[in-house]
Amino acid sequence: PMPITVRGIDASYQHVITTPHSDAVYALYWQGQDNSAQSQVKWQLLGQTLESGFFNYMRTEKQLGYIVMAGYNAKFTVPGIFFMIQSPVANADQLHPMVIEWRKQQLAALTAISDADFAQHKAAVMQSLQEKAKTSEQEATEYWYELAMGFAKFDYQEQLEAALSALDKTQWIAFIEALQQETQPAQLLI
């Protein structure tokens with residue numbers, strides 16, 4: 001087993017893992033506070049709005065890593081955003097403040113999202129939600145997931161689609177503004 005150190009950082013947890021190569025891996029999971037369908041689609045929409053900008057800024061502009069990604073990621077139905085950078089030029093302690101500052105700037109910019117951009121991102125999330133399983137194995141996995149999470153009516157996708165359809169720009173901006181006010185966001189840093 002690899003040695004893991006856990007220390008509290010602004011109400012988050014950091015795990016430091018020693019590796020035999022020189023590249024650093026930065027992984028941050030920023031977790032939502034509830035798993036309602038409304039919360040799920042807000043976080044999915046947030047992930048949709050952040051993914052290409054994170055890649056462009058960290059990989060293309062700053063050239064901080066080979067692998068750079070950000071996007072929606074739910075853990076046991078609790079929504080969140082996952083940020084990851086594999087970097088040959090910066091370690092996790094150097095990358096963390098850059099990611100947090102970028103996230104802060106993006107949240108501020110999203111409070112002024114245009115109607116057209118909001119509609120485009122919302123449509124992309126809806127398309128993703130409506131995508132059907134391509135194999136019977138994927139379909140069975142989706143059913144088992146719904147059963148495991150207590151959705152015995154097998155209508156979770158429909159709940160998400162309805163929540164997204166009902167979400168308007170004003171509600172979503174209120175969600176973004178609430179995230180901006182968080183002084184101790186739930187997050188895990190590796």
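Visitor: Leaving aside its neighbours within four places in sequence, which residues is W172 in contact with?
Guide: With those neighbours left aside, W172 is in contact with K42, L45, L46, T49, L110, I113, F118 and L167, where contact means heavy atoms within 4.5 Å. Please keep in mind that this is a predicted model, in which local features need pLDDT of at least 70 and side-chain atom pairs count only at pLDDT 80 or more, while totals for chains, interfaces and linings use all residues. Residues are numbered from 1 along each chain as its sequence is written, and side-chain values use heavy atoms, with hydrogens and water left out.

Visitor: OK, and which members of the largest nonpolar core touch the most other members?
Guide: They are L46, F54, F83 and W172, in a core of 41 residues. A nonpolar core here is a set of buried Ala, Val, Leu, Ile, Met, Phe, Trp, Tyr and Cys residues joined through side-chain atoms within 4.5 Å, and buried means under 20% relative accessible area, with exposed over 50% and partly exposed in between, using a 1.4 Å probe and protein chains only.

Visitor: Which elements give two or more residues to this core?
Guide: Those elements are β3 (24-31), α1 (37-61), β4 (67-72), β5 (80-87), α2 (92-110), α3 (115-130), α5 (156-166) and α6 (169-181), and α1 supplies the largest share, with 8 residues. Helices (H or I, at least four residues) and strands (E, at least two) are DSSP runs, numbered from the N terminus.

Visitor: Now the helices: how do the axes of α2 and α6 cross?
Guide: They come within 9 Å and cross at roughly 150 degrees, which makes α2 roughly antiparallel to α6. The axes are lines fitted to C-alpha atoms, for helices over the stretch in contact, and angles run from 0 to 180 degrees between N-to-C directions; under 35 degrees counts as roughly parallel, over 145 as roughly antiparallel, 65 to 115 as roughly perpendicular and the rest as oblique.

Visitor: And which residues make that contact?
Guide: From α2 there are L107, A108 and L110, and from α6 there are W172, I173, I176, L179 and Q180. By class they divide into 7 nonpolar, 1 polar and no charged, with Ala, Val, Leu, Ile, Met, Phe, Trp, Tyr, Cys and Pro counted as nonpolar, Asp, Glu, Lys and Arg as charged, and the others, Gly among them, as polar.

Visitor: What about α1 and α6, how are their axes placed?
Guide: The axes of α1 and α6 come within 11 Å and cross at roughly 80 degrees, and the two helices are therefore roughly perpendicular to each other. K42, W43, L45, L46 and T49 in α1 meet W172, F175, I176 and L179 in α6, a contact of 7 nonpolar, 1 polar and 1 charged residues.

Visitor: At what angle do α1 and α2 pack?
Guide: The angle is about 130 degrees, with the axes 11 Å apart, and α1 and α2 are therefore oblique to each other. On the α1 side, L46, T49, L50, G53, F54, Y57 and M58 meet M98, V99, W102, Q106, L107 and L110 of α2, and the contact has 10 nonpolar, 3 polar and no charged residues.

Visitor: Last topic, the backbone: which phi does Q63 have?
Guide: Q63 has a positive phi of about 50 degrees although it is not a glycine. Most residues other than glycine have a negative phi. Q63 sits in the loop between α1 and β4 and is exposed, with a relative accessible area of 59%.

Visitor: What about the phi of F154?
Guide: F154, also not a glycine, has a positive phi of about 55 degrees. F154 is found in the loop between α4 (136-148) and α5, and at 33% relative accessibility F154 counts as partly exposed.
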